[in-house]
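Please keep the sequence and the structure in view while reading.

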Amino acid sequence: MMTQTIVIDPVTRVEGHAKITIHLDDSGQVKDARFHVTEFRGFERFCEGRPLWEMPGLTSRICGICPVSHLLASAKAGDAILAVGIPPAAEKLRRLMNLAQMLQSHALSFFHLSAPDLLLGMESDPAKRNIFALIAAEPELVRSGIRLRQFGQEIIEQLGGKKIHPSWAVPGGVRSALSGAGRDSILARIPEAQATVLHALDRFKRLLSHVKGEAQVFGNFTSLFLGLVGANGNWEHYGGHIRIADGAGNIIADHLDPSQYREFIGEAVEPWSYLKFPYYRPLGYPDGMYRVGPLARLNICTRMGTPLAGSELREFREQGNGAVNSSFYYHYARLIEMLASVEGIERLLDDPDLRSRSESEEEPLLRAHAGINQLSGVGVSEAPRGTLFHEYHVDENGLVKSVNLIIATGQNNLAMNRTIAQIARHYVRSPRITEGMLNRVEAGIRAFDPCLSCSTHAGGMMSLHVILLDSAGRVLDERRRG
Amino acid sequence: MNVLVIGYGNELRGDDAVGRHIADAVSEWGLPGVRCLSARQLLPEFTGIIASAELVIFVDARFSPDGEPVLLEPVELATSVHALGHTGDPASLLSLTQAIHGHHPPAWLISVRAHDAGMGNPLSPKTSMAAEEALARIAGLIGMTRKAGVSGL
Amino acid sequence: MAAKTLTIDGRLVSAQSEQTVLDAAREAGISIPTLCHLEGVSEVGACRMCLVEITGCPKLEPACVTRVVEGMDVRTGSDRLHEYRRMIVELLFAERNHVCAVCVANNHCELQDLAADLGIDHVRYDYLFPLLPVDISHERFGIDHNRCVLCTRCVRVCDEIEGAHTWDVAGRGGNARVITDLNQPWGTAQSCTSCGKCVQACPTGAIFRQGSTVGEMERDRSQLEFIVTARKKKQWIV
């Protein structure tokens, strides 16, 4: 076996790319596909030696795409180390921010990144299958999508302020409440946000019968699904416990304590990627492959917990048998989660616990104060892309000794490789990479909406680099895009 | 006259944030009609303020093994977009502005060569020097636009 | 006490004979940047931010420890002084690891303010990146040596106002550090009364209240002045 030297380029935002290799067997059939992450960021080491209280501010700066997700998981890990229950207003405000984050992230994923594929057709010329062409064809749809994203951003800013939001959530609670004016301004925009999501859902559902072919091969396989559910099994994004369901929709593990994740999640490593490969321990590696994110959350939950999203969930489940297995339906799941987020935001704003401060009223209790009561803590929340774990170990004074992060894209790593292999198997007809295949591989990856900016320097900007290899590892073809 | 300066990058990543340092420095000049935005990355919602500007100057870090410390180039409309990312580049953001608002202002990209993106590091001395040059270029661009604005009245 | 008349930046200023140039200038509404100076405690002239030019004097003098003299001609803001001040602040940034973006004192920091006032947007010197510890062994407070500028305000408030003298400076040159008691973890320093005066005095994010998160560390220096005024003048002015 020959030794390979991997040269790690100073990969940056500007140069970040998703390198994919497709491996053929002796008969020229697709055997395997790999999504490579050839760079490691070393963020964990940067945190070592810092006081615990700085961690939310530090970790939320890992990623410009989902700072709120890291902020909340980090604050929750801090809560665990302080061993406190946080004030109810603080928990609800954190929930509000997480829903806003979910909404704005999904809105971008759907309206900007996926809608051109879906609404303009996968066969259309890639030069004409983008957001610009979509604006020309459906200007109002795109404008409303941008407004929806702004709505989510505005909530985040109302809560955290433009300047401090990277450290708004802190171990023990949050730093400030929602102002009365802020609440009113959010409430006023709910009807439009809801109409935008309902319209997009309607458009998507009318497309469903036309995209059955894609759905059949876009990562359509059984796997486990993992995520948080609420105490009653409802869709959850912030608290609750971990539930795992299989590809037939059977709950195979429930009421798992997220802080004990090491008992049920293993992390495998492969020489060709710096991103780890989490798997469900009882089934081993790689059989313990599981998916996280919108599709998983909809597959594991008993109910959505809100009326409109609830009836959409029932309709969604008709796409599967027990569980919806095609990764293509991540898009569909994202739309339903947007609806649940809008409904959830509206409900939270009416919650008396959240009673906003006004000039005359005193602020609600927002922060529990405590010292170091545990030497380690795990914080788990649902990021737009899936379950996010932060585990910290501290010394008796609260200086961080070690950090472990498990990110959504890592957990979807195995399923993404499997999806690419399945798509390639269906579309690779010759030892060449065709335009049609490249389109599908790109769209297949996009279903997962991967983000690597927390584990690499590539700040979310990814271009595509696909390499086709024969059984001896010789390069047959190579294509770049983006 | 209405100029928008957008500097972007990650402030925890050394030279990656040089664009933000520059946008902050321009902001301190306090020039009337000049608006500065310091952001982690380019986002589609910037299209609104871009559309209302008469000139946009993007300032970014450039990681390349060689090249000029400071490059100034016009931003052309993009013909394609990055397929997988949640962030934009100046060209596609400008195109998005054009597509949504039906017009776009002239735009320049100033890219400053970056040398060190280590966690928590400050700007490297070389990039700091280049930042000074970039500021001079920006002053020139703003000055030219102002003159053009006056003569156009 | 005889009054002295001197010129500061071309203006005639009168001052008490025991006053420093810094006091005289401030009373006349002329601002001179400072860092180690703190109202209520003794002057050490350590940071050199307040250097001024005095006609007939070959070297620059720190305004905080220079007494007024009859007929003195002082300039507080020449290009040369500006360049030296800039250099001092840049060297302070280069000497330790100030990561403002995630610092507890972000936007409430005197070092940051000085840099902004002097128009510093980059540092011309190589950063030293020393490996420095954070000590949060004290129950209520913490010190991050990465952000310490060795102004010794903590040492002086602790000694002169609280009378505990928990803080001191150990080591020389680049190895100098503020220490508690016999260079032991703050939490084990028995002389510390946990009064928090050092927390109020610190100009940067070096000394902070435990549990502070980014940008959350604001100080109230008027508390220190209140105590000093009460003690010296027997006036309890809030």
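The model is predicted, so local features need a pLDDT of at least 70 and side-chain atom pairs count only at pLDDT 80 or more, while totals for chains, interfaces and linings use all residues. Residues are numbered from 1 along each chain as its sequence is written, chains are lettered from A and ligands numbered from 1 in the order in which they are written, and side-chain values use heavy atoms, with hydrogens and water left out.

**A sheet in chain A**

Helices (H or I, at least four residues) and strands (E, at least two) are DSSP runs, numbered from the N terminus. In chain A, three strands form an open sheet in the order E11-E12-E13, with antiparallel pairing. Its edge strands are E11 (376-383) and E13 (400-406) of chain A, each of which pairs on one side only. On average, neighbouring strands of this sheet are turned by 15° against each other, direction ignored. Two strands pair if DSSP finds at least two bridges between them; strand E12 (residues 386-394) of chain A and E13(A) have six bridges, in the antiparallel sense. In one of these pairings, A:Phe389 has A:Ile406 in E13(A) as its bridge partner. Helix H3 (residues 67-82) of chain A packs on the sheet and touches E11 and E12 of chain A. Contact means heavy atoms within 4.5 Å. The direction of H3(A) makes about 150° with that of E11(A).

Two packed helices are described by the angle between their axes and the distance between the axes. Axes are lines fitted to C-alpha atoms, for helices over the stretch in contact, and angles run from 0 to 180 degrees between N-to-C directions. The table gives two helix pairs.

| Helix pair | Angle | Axis distance |
|---|---|---|
| H4 (residues 88-120) and H12 (residues 330-349) of chain A | about 150° | 9 Å |
| H11 (residues 307-316) of chain A and H12(A) | roughly 160° | within 8 Å |

H11(A) is therefore roughly antiparallel (over 145 degrees) to H12(A). H4(A) and H12(A) are also roughly antiparallel to each other.

**Chain B as a whole**

Chain B contains four helices and five strands, which follow the pattern β-α-β-α-β-β-α-β-α along the sequence. Among contacts in chain B with a separation of 6 or more, 76% join residues 24 or more positions apart.

**Local details in chain C**

C:Thr66 is found in the loop between strand E4 (61-62) and strand E5 (73-75) of chain C. With a relative accessible area of 11%, C:Thr66 is buried. A polar atom of its side chain lies 2.6 Å from the backbone oxygen of C:Pro62. Not counting residues up to four places away in sequence, C:Thr66 touches residues including C:Gln19, C:Val21, C:Ile54 and C:Met72.

Helix H3 (residues 110-117) of chain C has the buried residues C:Glu110, C:Leu111, C:Gln112, C:Leu114 and C:Ala115. Their cover includes helix H2 (79-95) and helix H4 (153-162) of chain C. After H3(C) comes C:Gly119, with a positive phi near 70°.

Definitions and conventions:
Buried < 20%, exposed > 50% of the residue type's maximum accessible area, 1.4 Å probe, protein only. Polar contact = N/O pair within 3.5 Å; in protein donor to acceptor, adjacent residues only side chain to side chain. Parallel < 35°, antiparallel > 145°, perpendicular 65-115°, else oblique.
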